[in-house]
Every structure is written in structure tokens, then in C-alpha cells.
Amino acid sequence: MKKTSMFVLVSALFFALAACSGAKEEPIPGTYEAVSLYDAPAYQLNENGSYDHGEQKGTYTTDSDRNIVLSPKDAEADITLTAHGSYYYTQDSLDEDTEYGLAPSFDENGRSGQTFTRTMDSSVEMTLSLHDDGTFQLSFSSQSPVFSRGNDVVSYEGSYTLEDDVLHLTWNDMDFPLLYLDEKIYPVVYTKSTEENSTALQASRTAIQDAEEAARQSRWWTPVDDALSGEIISKLTGTWEYTESGQYGLYYRLSIDSSTVDVHIELLGYPAENSGPYTVCNDVILVHYTGGTKGYVAFPYTYENGTLRLYPINSLDDAATNDPGMQFISDEARTNGPWFTKTA
């Protein structure tokens, strides 16, 4: 009787192991979408061993642990997407907080009370604050390519919970998971797109892109789109003059072509010249002086119903102009001026 029982037990164990060893693993080729709030392009792993990642292309291999090793075509270093359950994460990690240099940690209620920063892709600085009350703030900041004194910032606020080794950030009623492994937080996480999750993945990516665009449009230094820029430039090209009332006799003359502004200034009868390329931004014509005194100046403008009005120069020396929401034209000035006159 004991021998029979032992045979049955061993047989059951054998078949269980055989079933496990014969289980079909998810094939590696496919689309791997970012699931965290860090907006990164998907990895498209192709059947022939090549991959696409935005403009980056290369080849990939896998190992017995399902880790994916990517070899970019024009780079020396490989990139590893490390498998963890249904997730894959990059080696970008938050290792120490900004206050003490302590590793990330959570109390029995899953609360942290720490802030972390990391530079991503050599240009974007990420800051994650996990508050004691279970809320978080996450921001991504990079130097504006148009106005070097300004930072392009996108921010998210919501709540967080720690579930085993997954740190869930909830924003806009959506879940954005990070991984908490070996006292490190991994903020760049991917998962494979399937029929079951593709709709949710697309919705979360769209929400992030909408937030980025809203932040972009709220900055005074954001360039307008090409069509509007061309329309305004056609109105801008020519000569503009402005004389400020008062004892100093301040006089401006702007000579503007399709890409450059030449600025002539007279103060108390003394002239000065400068020039540089310009960009049509949301609220100003932003000029980058390349001759004489270098730096930035801005000419606030309004463009309504085909009418362009150009307002007096702003030197951008005031720190307040680093505020992306800076209002250059008061309601009174918008209605009553003063503004430049186009003379030619």
C-alpha cells in the first residue's frame, strides 16, 4: 500500500514538472510600451532580431531570464531591459534621497517621505517627491532649446501605494507603475502590448502627451506652429518705429526680414545697434542678440483677426521673465498701447 502511494506521488510530481517545463512562454518579438510617467517611445522588437525605438535602431538578444539586451546600431554600449514579472525596466534608478543621501525606504503603511532626483538621457532632470500623506509630485525639467534661461517643465501630482515590489503612481485616474527592488526605485518601466492591455496603454500615453502639450502651450517662449509663424512673419517683415514719450527721447527702429531683426536704438541722441535671429513664440518675438551686447530681448505682440501689434522691448533681465507664465502685456496696454508703428 505504501509502495503504491509512493508511486502515485512520484508520478504526479513528474507530470507536474513536465507540464511546467512544457509551458509555452510569451514570444519576445512585439511592442513594448512604457507604463511609467516617463514618456519614452516604445520598443518594437522584430522577428528578425532587429528593433526600433523612436529614431534608434539596432539588434537584440535575450537570455534565459527573459532579459532583453539591445545593441544600438550607432552606439558602443548595450541597453538591457531587465525582466521582472510582466514588466521590463531599464537601469535608470533612484538610489539616494536629496536630503540625507539615504536609499529609498517605506514604512509599514507604504509611505516614504523622501525626494529623489535623476538626470535622464543627459538632458532631462526628473524629480520625484513621495509625501508622508500618500501623495506624490513628479516633474521632468529640461533647458528650453529656444530660451536657454528657461526650463521646460512638465509636472504630475497624485497618490501612490506600494504593493510588494511595485510602486503604483495614480494620476488622472490611471495607474503608472514603478519598481522598487533592492532598495532602489526604477522609474522607467515597460510591458508588452497585448490585445488585453493595448487600449489602456494607448490611453495612458495619450494622457501624458496631452499633459506635455498643455505645459508646452503655457510657456511664453514656446514657438508657435509653422503655419502661424509664417503668417505672423509675413506681417512682421518690414520697418517698425517707436518713440517713448518723456525727457530721454528713447527711440527704436526695427528692420525685420524673414529670420533676423536689426535693432537701432537712440537714447539722449546717442545711437546703439544690435541684431540677431528671432523666433515667433506664444506671446513674444524672441530675439537672440549675436552682435554687440549678447543675450535675449523680447518684443511682446498680439495677433488678432489678421492684425499684428508689436509692443515695446523687454530686456528679459528681470528674473520674473523666467516664469513660463509671465504676462508681458497688461490689459490696459493691450487696449491702449503703446505699440510700434509699421512705417515700411
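A nonpolar core is a set of buried Ala, Val, Leu, Ile, Met, Phe, Trp, Tyr and Cys residues joined through side-chain atoms within 4.5 Å. Buried means under 20% relative accessible area (1.4 Å probe, protein chains only). The model is predicted: local features need pLDDT of at least 70, side-chain atom pairs count only at pLDDT 80 or more, and totals for chains, interfaces and linings use all residues. Residues are numbered from 1 along each chain as its sequence is written, and side-chain values use heavy atoms, without hydrogens or water.

**View 1. The largest nonpolar core has 42 residues.** Leu 130, Phe 136 and Leu 169 have the most contacts inside it. A contact means heavy atoms within 4.5 Å. Leu 169 touches residues including Leu 37, Tyr 160 and Phe 176, leaving aside those up to four places away in sequence. Another core, of 24 residues, lies apart from the largest one. Val 224 and Phe 340 are among its members.

**View 2. Seven strands form an open sheet.** Strands (E, at least two residues) are DSSP runs, numbered from the N terminus. Two strands pair if DSSP finds at least two bridges between them. The order is E8-E9-E10-E11-E12-E13-E14, with antiparallel pairing. Strands E8 (114-120) and E14 (184-186) are the edges, each pairing on one side only.

**View 3. Strands E12 and E13 run antiparallel.** Six bridges join E12 (residues 166-171) to E13 (residues 174-181). Thr 170 stands opposite Asp 175 in E13.

Conventions. Buried < 20%, exposed > 50% of the residue type's maximum accessible area, 1.4 Å probe, protein only. Helix = DSSP H or I, 4+ residues; strand = E, 2+ residues; numbered from the N terminus.
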